[in-house]
Amino acid sequence: MSTVTHDPGPVGPDLAPPAGTTSARRFGSGGRRPGAQIFNGFSHLFLLVWAIMVVYPLIWVFMSALKSDAEVIRQPLSLIPETLRWENFGRAWTEGQLGDFFLNTVLVLAGSVTLTMLLGSMAAYVLARYEFPGNRLIYYMFLSGLTLPIYLAAVPLFKGVYNTGVLFPPLGPNKHLMLILVYAAWSLAFTVFFMHSFFRTLPNAIAEAGLVDGASHTRLFFSVMLPMAKPGLISIGIFNVLGQWNQWYLPTLLMQSVDGEPKNQVIAQGLIELSVNQGYRSDWSGLFAGVTMAMLPVLIVYIVFQRQVQSGLTAGISK
């Protein structure tokens, strides 16, 4: 029986290094250039500094809400209160009337966001999926709403609301229904712009199959196309909630106090009232408690739905 031997080839120092070893050693681990590593380090450092700049004020406001007034004045930058004073939140909720402001804001947003999403998605769907004379003109008219500062419309808006209220009192000044309609009109431009781009990415084959099966255009929109646009609806819904929750100019213009009482005012106006009243009383801890309670809802909403917001923003690009 013959034995077959294999030549192992050259060994020792004459062995040639594997291809790419020299370049990997030259550029560092992973084959990355030194310049890329430096840039990566600077980007991480910038993100760390940015995160501290964003998170620290939030923590500072919350911890200041648990201090006494003397601690707020004596140690304003300290994060650790001597005693946790949870009663500051109850004082801001009742004496500062923040509970009434919260209720008014929730009522207004429930109506305005729902109306904005319904009308905005319907208009965007028709403009994106159907061709008819004047389609682009109507679309550009919606886009023009993004270029008009709300301050330029203050006088005609106030006069229009006042004159409408004379004929139809629920749409007059200081009424929730009036503010719901104004919020919806103010948010329609961006909603139509965002959803128009999203509806154009949806496949035509599904819509055609629905029509072939006998679905009406209304049934097709509500049962097929609208559920497919759920990521975009969640994203624009969050933007509308945040924008309308933080809106201050429109309610200040249209929702004045009645007989010196903030009867129908919303949270943004309530914080101004709270800052004036608590500042006059030197109740700084109550003021920080009110700011914390106004800040937490929108922060929780964004944290809970952040994945849906990101997927909705990138869906139009990935499809």
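Author: Helices (H or I, at least four residues) and strands (E, at least two) are DSSP runs, numbered from the N terminus. This is a predicted model, in which local features need pLDDT of at least 70, side-chain atom pairs count only at pLDDT 80 or more, and totals for chains, interfaces and linings use all residues. Residues are numbered from 1 along each chain as its sequence is written, and side-chain values use heavy atoms, with hydrogens and water left out. The protein has 15 helices and 0 strands.

Reader: In which helix is Arg91 found, and what makes its link to Ser285 a polar contact?

Author: Arg91 belongs to helix 4 (residues 87-94). A polar contact is a pair of N or O atoms within 3.5 Å; within protein, one must be able to donate a hydrogen and the other to accept it, and residues adjacent in sequence count only if both atoms are side-chain atoms. The side chains of Arg91 and Ser285 are joined at 3.0 Å, so the distance meets that limit. Contact in general means heavy atoms within 4.5 Å. Leaving aside neighbours within four places in sequence, Arg91 is in contact with Gly96, Asp283, Ser285 and Gly286.

Reader: How do you know that the length of helix 2 agrees with its number of residues?

Author: The expected span of a helix is 1.5 Å times one less than its number of residues. Helix 2 (residues 34-64) has 31 residues and should therefore span 45 Å; its end C-alpha atoms are 45 Å apart, which agrees.

Reader: Which residues of helix 2 are buried, and what covers them?

Author: Buried means under 20% relative accessible area, exposed over 50%, and partly exposed in between (1.4 Å probe, protein chains only). In helix 2 the buried residues are Val61, Met63 and Ser64. Their cover includes helix 3 (69-74) and helix 14 (284-304). Across the 319 residues of the protein, buried ones make up 34%.

Reader: Why is Asn174 called buried, and why is Thr252 called partly exposed?

Author: Asn174 has a relative accessible area of 18%, and is therefore buried. Thr252 has 25%, so the term is partly exposed. Asn174 is in the loop between helix 7 (154-167) and helix 8, and its phi is near 65°, a positive value in a residue other than glycine. Thr252 is placed in helix 12 (residues 249-254), where its side chain reaches the backbone oxygen of Trp248 at 2.7 Å. The C-alpha atoms of Thr252 and Asn174 are separated by 9.8 Å, although the residues are 78 apart along the chain.

Reader: Why does Asn240 count as buried?

Author: Its relative accessibility is 5%, so Asn240 counts as buried. Asn240 lies in helix 11 (residues 230-245). Not counting residues up to four places away in sequence, Asn240 touches Val113, Thr116, Met117, Ser187 and Thr191.

Reader: What makes the pair of Tyr139 and Tyr140 tilted?

Author: Rings of Phe, Tyr and Trp (its six-membered ring) pair if their centres lie within 6.5 Å; planes under 30 degrees apart count as stacked, over 60 as edge-to-face and the rest as tilted. A search of the whole structure finds 17 aromatic pairs. For Tyr139 and Tyr140 the ring centres are 5.8 Å apart and the planes are at 50°, so this pair is tilted. Tyr139 is buried at 7%, whereas Tyr140 is partly exposed at 48%.

Reader: Why is the pair of Phe190 and Phe193 also called tilted?

Author: Their ring centres are 6.4 Å apart and their planes lie at 40°, so the pair is tilted. Both residues lie in helix 8 (residues 176-199), 3 residues apart, about one turn of the helix. Phe190 is partly exposed at 32%, and Phe193 is partly exposed at 33%.

Reader: Which ring cluster includes Phe199, and which residues does Phe199 touch?

Author: Ring pairs link Phe199 with Tyr125, Tyr130, Phe221 and Phe222 in a cluster. Beyond four places in sequence, the residues touched by Phe199 include Ser121, Ala124, Tyr125, Phe221 and Met225.

Reader: What makes the link between Arg74 and Glu82 a salt bridge?

Author: A salt bridge is a side-chain nitrogen of Lys or Arg within 4 Å of a carboxyl oxygen of Asp or Glu. The closest N and O atoms of Arg74 and Glu82 are 3.4 Å apart, so the pair qualifies. The structure holds 1 salt bridge. Glu82 has a relative accessible area of 57% and is therefore exposed.
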